[in-house]
Amino acid sequence: MASTAEVASTSKPAAPLLSLDPERQQEFQAKVQRVRQTAAKKNETLTPGVIYLGHIPRGLEEPQLKEYFGQFGTVTRLRLSRSKKTGNSKGYGFVEFECDEVAKIVADTMNNYLFGERLLKCEFMPPEKVHENLFKGSEREFHKPSYPAVRRYNRPRSVKEKAKMMQRLLKKERQLRRRLAEKGIDYDFPGFAAQVPLKKKMPSNSDTNMDVSVDSELPTPECTPAVLKRRKSQPEEADEKEIILRLPPSSKKIKATQKARTAKSQEETAALEQPECQT
């Protein structure tokens, strides 16, 4: 009996509210009706809808897409797929609207729409095909990757740092060769050891003592009188002879012909000058 009474009480319409001022009863009733309608709208839950966007023109990013599709309805979330290496757009994305009915209208209206010399592809995605992590991280502002590791590796290094890096590479190479030898693998390769420049040989003590004087053990310059006197006192080697430069026979003939030509030209000029003097 109690349950039937409760059902009867709930099925009865709510009693109308009365205004304290009887003359303003109608105005009061209209105001109450508006308040109840707004409360009903607030309690109403909307099902969000997601659309797929393809063939997005270059230059359109998240702010532009959100502003453009915001004219159809409230855009709750938006995700533009980007490359991890360059950060450029891949040409497709996903847009979530507050109401699925609005999403269906946008999909029907904007599909095959000529947008920036491209036919925009727009499809409505059923709720069961929308992944839970589809819009993960979409609220964060996009920043182009800076590649700090690449910039750190390619930075200019000093001579000391280059030597340290080369020593580290050589150490790893020696460890690799040792492991190959322990496993019985006979494999030889140049590696980093072939890139190391060879050190110049330092002069020995015997070479440095050539210009040392008899009186002192300190090196003296070659132009001192003691060194010159010692060199003069040493006997000359028999093999050392005076070098005489001899011209080949062809060059002698050329010189002789040149002399003959000059003498002949002088005689001709002298013969031409004599008649002029007699006149």
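Is S83 buried, exposed or partly exposed? S83 is partly exposed, with a relative accessible area of 25% (buried is under 20%, exposed over 50%, partly exposed in between, using a 1.4 Å probe and protein chains only).

The model here is predicted, so local features need pLDDT of at least 70 and side-chain atom pairs count only at pLDDT 80 or more, while totals for chains, interfaces and linings use all residues. Residues are numbered from 1 along each chain as its sequence is written, and side-chain values use heavy atoms, with hydrogens and water left out.

View 1. S83 in its loop. S83 sits between β2 (75-82) and β3 (89-97); strands are DSSP E runs of at least two residues, helices H or I runs of at least four, numbered from the N terminus. Leaving aside residues up to four places away in sequence, S83 touches N88 and K90 (heavy atoms within 4.5 Å). The largest cavity. One cavity of 30 Å³ or more turns up in the whole structure (a cavity is a set of points on a 1 Å grid over the protein atoms alone where a 1.4 Å probe fits but cannot get out; lining residues have an atom within 4 Å of a point). Its lining includes L53, Y68 and F115, and helix α3 (residues 62-69) gives the most, with three residues. The lining residues are nine nonpolar, no polar and no charged.

**View 2. The largest pocket, about 770 Å³.** Of its 25 lining residues, E62, R79, L80, G137 and S138 are the closest to the centre. The largest share, seven residues, comes from β2.

Notes
1 Å grid on protein atoms, 1.4 Å probe; cavity = no way out; pocket = protein on both sides within 12 Å on 5 of 7 lines; lining within 4 Å. Points joined across faces, edges and corners; volume = space filled by probe spheres on them. Nonpolar A, V, L, I, M, F, W, Y, C, P; charged D, E, K, R; others polar.
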